[in-house]
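Hi,

Here is the structure I promised to pass on. Have a look at it first, and my notes on what turned up follow below.

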Amino acid sequence: MAMKMRQSLAELEQEFWQEIELDRRRREHLRRHAVQRSRKRRRERQLKRSSMRFWMLVLSLIATAVVVTIAMFETLYYLLG
């Protein structure tokens, strides 16, 4: 009986350590997965921001060109008119 008890305790201890190892692997996997998701979201936000900045730059350049052209022609009109 004592031999069976020792054997079952040894088996329980071995299963316990295996479960701890599995849990450790699972946590590491979840951590890596969370880091990957975080990096992916950060890249997507940066891409979205840079795209918006680009279009704002294009619009501001076009608006500047339009305003300068109008001002130039109005100045010519007043000087020549």
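Accessible areas here come from the Shrake-Rupley method with a 1.4 Å probe. On that basis the accessible surface of the protein is about 8300 Å², and 65% of it belongs to carbon and sulfur atoms. Bear in mind that this is a predicted model.

Overall shape: the secondary structure amounts to one helix and zero strands. The radius of gyration is 35 Å, well over the 12 Å that the globule rule gives for 81 residues, so the protein is more spread out than a compact globule. Along the principal axes, the C-alpha atoms fill a box of roughly 120 × 10 × 5 Å. As for burial, 0% of the 81 residues count as buried.

Now the aromatics. Searching the whole structure gives three aromatic pairs. One of them joins Phe 16 and Trp 17: the ring centres are 5.5 Å apart and the planes sit at 70 degrees, so this pair is edge-to-face. Phe 54 and Trp 55 also make an edge-to-face pair, with 5.2 Å centre to centre and 75 degrees between the planes. Phe 16 is partly exposed at 48% relative accessibility, and Phe 54 is partly exposed too, at 47%.

Last, the surface. Where is there a nonpolar patch of about 590 Å²? Met 72, Phe 73, Leu 76, Leu 79 and Leu 80 make it. Met 72 lies in helix α1, which covers residues 2-80. Its relative accessible area is 44%; buried would need under 20% and exposed over 50%, so Met 72 counts as partly exposed.

Cheers

Note on methods:
Residues numbered from 1 in each chain as written. Predicted model: local features only at pLDDT ≥ 70, side-chain atom pairs only at ≥ 80, totals over all residues. Heavy atoms only, no water. Patch = residues over 30% accessible without salt bridge, like charges linked within 9 Å, V, L, I, M, F, W, Y side chains within 5 Å. Salt bridge = Lys/Arg side-chain N within 4 Å of Asp/Glu carboxyl O. Helix = DSSP H or I, 4+ residues; strand = E, 2+ residues; numbered from the N terminus. Buried < 20%, exposed > 50% of the residue type's maximum accessible area, 1.4 Å probe, protein only. Phe/Tyr/Trp six-rings, centres within 6.5 Å; stacked < 30°, edge-to-face > 60°. Rg over C-alpha atoms; globule rule 2.2 N^0.38 Å.
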